[in-house]
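Please go through the sequence and the model shown here together with the briefing that follows.

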Amino acid sequence: MILIVGSNRDDVLYFQSVIRNRRTRNILGKYTATIGDIFNQTVMILDNVFTSYVSSVLVSHILESEIISLVVMVGKCYSFNDQLQ
């Protein structure tokens, strides 16, 4: 299974639109994961994961119960340096 984690709904919108055989799972009582198939590969999609601390806790929790082969973090990158591109 591939785990896709995004900080907001817009980050995972494409993946949500192409997923097939959609089902949901509640993670830690607060987060809802969408599970399904994309191009014959099972994926789990998490959104509204705002901080790296929360994402590490969620990924660790999911790794205990699922066999995950790849974790993909999608979203925007920010920098405090204006010269960084």
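**Salt bridges and overall layout**

A search of the whole structure finds two salt bridges, a salt bridge being a side-chain nitrogen of Lys or Arg within 4 Å of a carboxyl oxygen of Asp or Glu. This is a predicted model, in which local features need pLDDT of at least 70 and side-chain atom pairs count only at pLDDT 80 or more, whereas totals for chains, interfaces and linings use all residues. Residues are numbered from 1 along each chain as its sequence is written, and side-chain values use heavy atoms, with hydrogens and water left out.

**Fold and dimensions**

- The protein chain has two helices and five strands, where helices (H or I, at least four residues) and strands (E, at least two) are DSSP runs numbered from the N terminus.
- Read from the N terminus on, the elements of the protein chain follow the order β-α-β-β-β-α-β, and the C-alpha atoms fill a box of roughly 45 × 25 × 20 Å along the principal axes.
- Among contacts (heavy atoms within 4.5 Å) in the protein chain between residues at least 6 apart in sequence, 54% join residues at least 24 apart.

**Surface and charge totals**

- Of the 85 residues of the protein chain, 33% count as buried; buried means under 20% relative accessible area, exposed over 50%, and partly exposed in between, with a 1.4 Å probe and protein chains only.
- The accessible surface of the protein chain comes to about 6000 Å², of which 53% belongs to carbon and sulfur atoms; the areas come from the Shrake-Rupley method with a 1.4 Å probe, and for residues only the protein chains shown count as cover.
- The protein chain carries 7 positive and 7 negative side chains, and the centres of the two sets lie 8 Å apart; Lys and Arg count as positive and Asp and Glu as negative, while His and the chain ends are not counted, and each charge is placed at NZ of Lys, CZ of Arg, CG of Asp or CD of Glu.

**The two charged pairs**

- Asp47 forms a salt bridge with Arg9, the closest N and O atoms being 3.8 Å apart. Asp47 lies in the loop between strand 4 (41-46) and helix 2 (52-65), and Arg9 in the loop between strand 1 (2-6) and helix 1 (13-18), so the pair ties together parts that are 38 residues apart in sequence. Asp47 counts as buried at 11% relative accessibility, whereas Arg9 is partly exposed at 43%.
- Glu66 forms a salt bridge with Arg25, with the closest N and O atoms 2.9 Å apart. Because Glu66 lies in the loop between helix 2 and strand 5 (70-74) and Arg25 in strand 2 (residues 20-27), the pair ties together parts that are 41 residues apart in sequence. Glu66 is partly exposed, with a relative accessible area of 24%, and Arg25 is partly exposed at 23%.

**Loop residues**

- Phe50 lies in the loop between strand 4 and helix 2 and is exposed, with a relative accessible area of 64%. Phe50 and Ser7 are 43 residues apart in sequence and 4.8 Å apart in space, C-alpha to C-alpha.
- Asn48 is placed in the loop between strand 4 and helix 2 and has a positive phi of about 60 degrees although it is not a glycine; at 36% relative accessibility, Asn48 counts as partly exposed.
- Asn40, in the loop between strand 3 (31-38) and strand 4, has a positive phi of about 65 degrees without being a glycine, and Asn40 is exposed at 81% relative accessible area.
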